[in-house]
Amino acid sequence: MTIEQGTDMPAFETTGLGVRYRRNWALRDCSVSVPAGRVVALVGPNGAGKTTLLHTLVGLLAPTAGTARLFGHTVGQSEELLARMAFVAQDKPLYDSFTVADTLRFGKRLNLSWDDEFARRRIADLGISLRHKVGKLSGGQQAQVALTLALAKRPELLVLDEPLANLDPLARDDVMRALMGTVAETGMTVLLSSHVVSDLLNTCDWLVVLNGGRVQVSGDLEELLAEHRVLSGPAELADGLARRLQVVSDTRSDRQATLLAHVGTERLTLDSRWSERPVGLEELVLAYLRSPEASSLPRPSLATSA
Amino acid sequence: MLWLTWRQHRVPVLVTFGFLALLGLLMLINGLGAADLPRTGASGPEMMLDMTAQRQAEPLRSVLEFLILVPALVGLFWGAPLLGREFDRKTQLLAWTQSVSRGRWLAMKLATLGTLVVVAGLIMGTMTSLWLDSYAGTQVDTRFSQVAPFTMSGIAPAGWWLFAFAVGVASGALLRRTMPAIALTLAVFVIALIGVVGFARDYYAPPLQDDGQGNADTLSGDVRSVGRTTIAPDGRELDAADARYEQASVCPGKDQSLAGLECMKALGYREIALYHPADRYWRFQWTEAGALSVLAVGLGGFAVRRTVRQRP
């Protein structure tokens, strides 16, 4: 059940991270560690603290408790660390009065590493004129300009806050495809948040579920799906089974019980009256969100718990 | 950063320098017209000279009264939107996640725009001083004694412009919205202007006393009058209200009239005028510009601190 990490430095890592706005804790005791090279989906309901977590990772927000690290360095406002990551905030803010050319120039002037040729080619491929004002572009085009700005920085970690919100299905597809193309080329780590799980189905290979300011799930997507099972059987046997397993959700009718459980990597030996089936991603996420006390987290490594 | 600062703030910068150019042109034309005016010391009744000078200066002299509010516009259009507009559009999230730390981002913007503001203020002050120079020796040149000429000439405008700019930036850092920041900037600027003009300015140095006994040399020209005080025979200093009250008791029935003053004088009361001589002009200019600059630097420091520490 534990994801064994190699000797590679995690792309990002938080330990006991907490962020408080006045009296409310937006994040509490969050500990996650994600290996480099992954495409990470950060999911959770509205208000779960997704944006807070992302802002903390990119250094916009200082944690109230705990630490956040990128590539082994404590996150802060150091320019060296800023240069290694790129961030596209929610609603993809850009300077409306700038032309597209100005926006690229902005990226060039404010970044140490900037691939101007890539940026210009990408804008040209998208059929966007450099002379247009950013404010006059369509939502999809603005999203592409914002993404170009982030990608041309050649980051090792790309952080995107709700990149697909407010986009029509075609633009969503375009953005996602562009993103995945670059990821395949460069091998950068991508962290993107969404409150719509289905957005991320085909693109991500690591899942982090955030709920009520706490991390509930963090793990390799395939392994998570392999380690969870939906079990259906007679209600009178359910209590006995539930004691043996880590049950995430437990739905019972008079006779029938349906358990979504974390079964781990071992083969289950079950009474023949039980039937077993694999779990879907959306089903898994919803089950965890509905039972906030359940969690599936890798055992903290010595380095992170020290 | 220099390019970004220019790209984001070029409109108010160009408008400001355009305005200065226009004002300079008007002052030049008006000042040249004053070249032929007869001066004090030339022949002819002095009263007549001053009437001519004032008639010539009038159009700009009345504009000058309003121009003491110009720094407020610098606070509103250069200062308040500097951070306020970023917060309005959430573009700070974009700007602060490039490879320039937000502390440096703000510091460089403040340094660049602050320098431009000071230069603009100095241009304003120099132009006004030169314009007043063209009226030297007439009663138009009251750059020390009167509110608008003092505020607009010399180096005081640089202090006021920088101060207003810093108030705008700090308001934006505090309120994180342009419109409320504009309102706060205006309020703080007006309060500061009233405070300085109405109260502080008279006390940049202890005033001299004119008791009518032989310091006429410092009393000539553009003298800044502070007020009057009455010295009682036992040496107490009385302000106007106290003096009137005392007069009622020591010279009953003679109030409000010349007889009252005569009576007081006879009893040994002395009335004294408080004033600053004309040669204190530069001392006062430096004091005002210095104090405002110190305040501006403090406000700028506050804005940087708040930007670096605060959540986005």
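The structure is a predicted model, and B:Arg89 takes part in a salt bridge with A:Asp96.

**Salt bridges**

- Side chains of opposite charge can pair when their charged atoms come close.
- Over all chains the count comes to 22 salt bridges, and in the one between B:Arg89 and A:Asp96 the closest N and O atoms are 3.0 Å apart.
- This pair joins two chains, because B:Arg89 lies in helix H3 (residues 70-89) of chain B, while A:Asp96 lies in the loop between strand E6 (85-88) and helix H3 (100-110) of chain A.
- A:Asp96 is partly exposed, with a relative accessible area of 35%.
- Within chain A, the side chains of A:Arg120 and A:Asp116 meet in a salt bridge at 3.0 Å, N to O, and about one helical turn separates them because they are four residues apart in helix H4 (residues 116-125).
- A:Arg120 counts as partly exposed, at 39% relative accessibility.
- Another salt bridge links A:Asp173 with A:Arg177, whose closest N and O atoms are 2.5 Å apart, and both residues lie in helix H6 (residues 169-186) of chain A, four residues or about one turn from each other.
- In this pair A:Asp173 counts as partly exposed at 36% relative accessibility, whereas A:Arg177 is exposed, with a relative accessible area of 57%.
- A:Asp239, A:Asp250 and A:Arg252 are linked in a network of salt bridges.

**Nonpolar cores and a surface patch**

- The largest nonpolar core has 157 residues, and the members that touch the most others are A:Phe12, A:Leu207, B:Trp105 and B:Trp160.
- Helix H7 (residues 156-175) of chain B gives the most to this core, contributing 11 residues.
- A second, separate core of 10 residues includes A:Leu231, A:Leu245, A:Val263 and A:Trp274.
- Leaving aside neighbours within four places in sequence, A:Leu207 has contacts that include A:Ala41, A:Val43, A:Leu221 and A:Leu281.

**Aromatic rings**

- There are 15 aromatic pairs over all chains, and one of them is the edge-to-face pair of B:Trp96 and B:Trp105, with 5.9 Å centre to centre and 75° between the planes.
- Both B:Trp96 and B:Trp105 are buried.
- The pair of B:Tyr281 and B:Trp282 is edge-to-face because the planes of the rings stand at 75°, with the centres 5.1 Å apart.
- B:Tyr281 counts as buried at 6% relative accessibility, whereas B:Trp282 is partly exposed, with a relative accessible area of 45%.
- B:Tyr281 and B:Trp282 belong to one aromatic cluster together with B:Phe144, B:Phe150, B:Tyr204 and B:Phe284.

- B:Glu246, found in helix H9 (residues 240-250) of chain B, counts as buried at 13% relative accessibility.
- Apart from neighbours within four places in sequence, B:Glu246 is in contact with B:Ala232, B:Arg236, B:Leu238 and B:Tyr269.
- A:Glu156 lies in the loop between helix H5 (139-151) and strand E7 (157-160) of chain A, and is partly exposed, with a relative accessible area of 36%.
- With neighbours within four places in sequence left aside, A:Glu156 is in contact with A:Phe71, A:Arg84, A:Met188 and A:Thr189.

Note on methods
Residues numbered from 1 in each chain as written. Chains lettered and ligands numbered in written order. Predicted model: local features only at pLDDT ≥ 70, side-chain atom pairs only at ≥ 80, totals over all residues. Heavy atoms only, no water. Core = buried A, V, L, I, M, F, W, Y, C linked by side-chain atoms within 4.5 Å. Buried < 20%, exposed > 50% of the residue type's maximum accessible area, 1.4 Å probe, protein only. Contact = heavy atoms within 4.5 Å. Phe/Tyr/Trp six-rings, centres within 6.5 Å; stacked < 30°, edge-to-face > 60°. Salt bridge = Lys/Arg side-chain N within 4 Å of Asp/Glu carboxyl O.
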